[in-house]
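Subject: Structure handover

Hi there,

Here is the structure I promised to pass on. Have a look at it first, and my notes on what turned up follow below.

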Amino acid sequence: MKINANGYTAKKLNIMIGRSNDESIEIEGVIGQRYIGTALSGKILEIEGAPGNALGAFLDGAKIELFGNAQEATGDTMNAGEIVIHGNAGDATGYAMRGGEIFIEGDVGYRCGIHMKAYRGNSPAIVIGGKAGSFLGEYQAGGTIVVLGDGRAGGAVAGYFCGTGMHGGEIWLRSQDAPAALPEQVKTERVKGVPSNVEMLIKKWCAKFGKEAINYTGDEFLKLSPDDANPYKRLYTPN
Amino acid sequence: MKVRYILPAFEVLRDESKCVNCRLCERECANGVHSFDSERGRMIANDAKCVDCHRCVCTCPTGALKIAETKDVYRSNANWSRAAIDEIYRQAESGGVLLSSMGNPDTYPEFWNRLLINASQVTNPPIDPLREPMETQVRLGSGRVKIERDENGRLKTALPPQLELQVPVMFSAMSYGSVSYNVHAALARAAKELGIYYNTGEGGLHRDLYGYGDHTIVQVASGRFGVFREYLDAAAAIEIKMGQGAKPGIGGHLPAAKITPAVARTRMIPEGSDAISPAPHHDIYSIEDLRQLVMSVKEATGCRKPVIVKVAAVHNIEAIASGIARSGADVIAIDGFRGGTGAAPTRIRDNVGIPVELALARVDDRLREEGVRDNVSIVVGGSIRSSADMLKAIALGADACYIGTAALISLGCHLCRSCHTGICNWGIATQIPDLVARLDPDEGARRLVNLVTAWKHELEEMMGCMGINSVEALRGNRLMLRGIGMTESELRLLGVKPAGESM
Amino acid sequence: MLKEGQYRNPSGCAVSAVIDRSGKPMSGRRMIDSIAVMHERSNGLGGGFAGYGIYPDHKELYAFHLFFDDRLTRKNTEEYILRHFEIAYSSEIQTRKLPTVTDEPIIWRYFLAPLPRKLADSHLDEREYVARCVNFINARIGGAYVFSSGKNMGVFKGVGYPEDIGEFYRLDEYEGYSWTCHGRYPTNTPGWWGGAHPFGLLDCTIVHNGEISSYDANRRYIEMFGYKCTLRTDTEVMAYIIDYLVRKMGLTLREVAKVMAPSFWKTIATKSEEEQREEIFLRKAFPSLLVTGPFSVVVGYEGGIMALNDRLKLRSTVCAEKGDLAFVASEESAIRRIEPQLDKVWAPAGGEPVVFELHDKEASK
């Protein structure tokens, strides 16, 4: 099925998507409609245009491929599925996601992957082709964030306060320079080449955006991980 | 030499003539206060460990125990209370942020007790609720309608989704993790039997309680614990928690010690790791962002369920509520500064926020001034202690009340305010299996049903005495209230006349 | 002295109403005779009448009846009126001096047509335009009060027993197809004539017996929609509720009755599916307009009258028919006094609206 979104509200679009018997749906002419594909499962959406915020919020297994830039809160509280963005993504991308994967060709805004968490077999992942804004992986409690810094000559590939409040999961930065103002509880390791799970993510990203994995996977990475799953336990005293 | 700076606040008094050395108190007290001194052949107590939860007193088969406030005193000082001094000792020792539980216990003024209720005499009749019909049902949700007719002139009767309550009261949000599974099970069973709702709090919904979904409000908080499609689908309504009366403006922090395998499964997080709720929702930094989350929750549930937005009563609550009323939300829940918590920094709990009575009155006024009161229902919580408080809240303008502390007290809580320790001898604020087992969910449900049923009867009595037979006609009916012992500005803010002033 | 509106003044009362459904005019004398029977239900502190079809020669014009405290106020008010209306005809209302009716204000009548240009500029429909002008005078011009503002109808009221008020206004000289009337038993001493009943807005008038306990819930709700309850009487708030539901929301009077005096939920559950659908909707849609406490009202409007009791039926109401004539009153005796032989007499159930309308409603226009 192919839908021209021109003139449709987000609500109408979601109803059309829900009612369609086709597994694969192309939507073109999207301009500002929010909440597209909310809580969707079992479908494949190909979207062209400039969708509004909360694209694929609560996503539950569907695949969304966007040809264009995503705005804020993409994949908010995503449970399962895949979001591929041929462009940049805005702030709070992948907020509180606990499953599924988000692949971004370009950059992401502030607070990407904030409060993402692993849960049993689920380990969410975000792969960012370009660079990330500040507060990447804030409160991260699980899952994997990879920032490739594609096309950058050097310097940090994430902004300030990366991993603040992080208490689980991993952040992989393809860079030799640590982001500024890393919090105390985050430990950094320099790693040449990546482990297989990260390699797999990078390969998937490359396949989606027509890149050669070999150009990335052998490079030097900075691995960020928390040194304590209970970062605040000494902060409080019973009264 | 080890000096103890903080001395026990309580003394365990044991009547030796009644004590039979059965050692039940020893088994009942998980704080380890009681022990048997085999040398002397009698029970002894370590006062320093006592939190005054009264479990031992209530279970002692011979009535041999009493807990008293210590007679030991610091030199009296009207400015430096014992608590203020002890808190400094604690911080000097630990360097920690003081952590407390349950609602703000300080001596701030409160207003429920300064509001008096009207009764009918002569000019119109009181109604006898035992014999005349009395309606305590309320509906929560947006009531904004346009009158439209079909081609035959019949009214089109579609309305936004609403919750129907048989009594204008619900059990407020208490997360699984902060309270035990048995508490949730009791709340769920009671809510179903009473035709009301309980609220999961932010800790997800245990698999075994999905069957009570029609009487469940699920919460979406900043940590998004346990939030996924089935969770949203299972519920009757969804509450977006922006704030909590006991700790406005800060998040939550469930220590790993309380995260048992079942709690982790329900929250959908790994075991052994703290569950941290950020202070804000990080997709909401402004009122239009709230609309975004409200609408995306609605989209996720096919717009079939009302969305509640819960906020703490703070200085600017009027404007906040006005924004929420235009966000697409169906219900605003306002939590006053006396509201309870499983753990909050003491300073926040005791100093941040405003009384719910004032917040409610101002919000109701503001929404009416702006003509948007119909967009939303208002639910208030934060220390509704009796049916009289509930009635006064409705007369001030609320549609219904949330009760949390009152519900826990009915389950046995003695307000010892030690929830943050994870040890609760009543099986409420704990995950320790032996303690949890002390609370029988069926017995708990029975007590909750009794409490709310009694409040319903009392509400009917009070409504009847003022000549009202439907809660609708009580809502916002401030002429039925008079203030006593209040300042002019308090009366103005509450929109009530002083006692003694006529209609 | 505090005026009505500066305090709340609960009242007990008597009501009576008659309509000739063939549209044949009858003298106001009948109503005077009817209400006089229920003398005991009033206490001499308020009475009033509304007559419909009484100004056939000016039926295209809004008939305003006003009280003025003094001549200067009248002058100022007329300046305001002239800025918004063309005055087709105006005069002092002719009254009969009676020893029992004293301290009357200056009472004038104006037949008005809205200035077309002003009306167009206001972007309001004509009735809303007129209603707002009435509200302006009543709320903003101290000492002036519009107590009647419909077309081809008029309210006549004052402080005194209703039968005396009828004589005072010489209602025997007016003829209308329907009349409603009210005798008041207030619990305060109102010195002000504006506080008497009927209360009217445009052609809708209301007379009411009882004291409602939902007053402030109803008032605070209806004030969201631009109404200002300046008199603080039950009658006023009920008139606004009816005006809002009928004129602004588009409900029928029978539907209005289901909002103001709905069946209990338990009762609704026993009704037919279609009735349930409608009644549940109306209760859910307008919960704050449920009126509780004792009331019996008669609503007068162009072409008809409606009687409605509270749902517990805490006040008495009797309805009757005789040929084209239909009656509503607090007591049967008030009806028998003017029509001894009736075809049918019945007491309507609580919350059950009784509507009597002209056979040919168009003819009333």
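Leaving aside neighbours within four places in sequence, B:Ile332 is in contact with B:Val309, B:Ala321, B:Ile324, B:Ala325, B:Val376 and B:Ile378. Contact here is a matter of C-beta atoms, placed from the backbone, lying within 7 Å of each other. B:Ile332 is also one of the residues with the most contacts inside the largest nonpolar core, along with B:Val309, B:Ile334, B:Leu360 and B:Cys401. That core has 335 residues, and its largest share, nine residues, comes from helix 4 (residues 181-194) of chain B. A nonpolar core is a set of buried Ala, Val, Leu, Ile, Met, Phe, Trp, Tyr and Cys residues joined through C-beta atoms within 7 Å. A residue is buried if 20 or more other C-beta atoms lie within 10 Å of its own, exposed if 12 or fewer, and partly exposed in between, again with C-beta atoms placed from the backbone.

Before you go further: this is a predicted model, in which local features need pLDDT of at least 70 and side-chain atom pairs count only at pLDDT 80 or more, while totals for chains, interfaces and linings use all residues. Residues are numbered from 1 along each chain as its sequence is written, and chains are lettered from A and ligands numbered from 1 in the order in which they are written.

Chain B as a whole

Chain B has 16 helices and 21 strands; these are DSSP runs numbered from the N terminus, with helices being H or I of at least four residues and strands E of at least two. Its radius of gyration is 24 Å, close to the 23 Å that the globule rule gives for 503 residues, so chain B is as compact as a globular protein of that length. (The radius is taken over C-alpha atoms, and the rule is 2.2 Å times the number of residues to the power 0.38.) Along the principal axes, the C-alpha atoms of chain B fill a box of roughly 90 × 55 × 45 Å. Of the 503 residues, 56% count as buried.

The domain assignment (automatic or from a database) gives chain B a domain 1 (10-96) and a domain 2 (138-498). Their C-alpha centres are separated by 35 Å, and the contact takes nine residues from domain 1 of chain B and eight from domain 2 of chain B.

Chain C

In chain C there are 11 helices and 18 strands. The radius of gyration of chain C is 19 Å, close to the 21 Å from the globule rule for 365 residues, so this chain too is as compact as a globular protein of its length. The C-alpha trace of chain C spans about 60 × 45 × 45 Å along its principal axes, and buried residues make up 55% of the chain.

Chain C is assigned domain 1 (11-54 + 152-364) and domain 2 (56-151), with C-alpha centres 23 Å apart. Between them, 24 residues of domain 1 of chain C are in contact with 27 residues of domain 2 of chain C. Strand 8 of chain C gives the most to the domain 1 side, with five residues.

Strand 16 of chain C pairs with strand 15 (residues 318-322) of chain C in the antiparallel sense over five bridges; pairing needs at least two DSSP bridges between the strands. C:Val328 is the bridge partner of C:Cys319. The hairpin of these strands has two residues between them, and C:Gly323 takes a positive phi near 60° there.

How the chains meet

Two pairs of chains touch, and the most contacts are between chains A and B. Chains A and C do not touch; their nearest C-alpha atoms are 24 Å apart. Where chains C and B meet, the contact takes 34 residues from chain C and 35 from chain B. Helix 10 of chain C gives the most to the chain C side, with five residues.

Happy browsing, and do write back with any questions.

Best wishes
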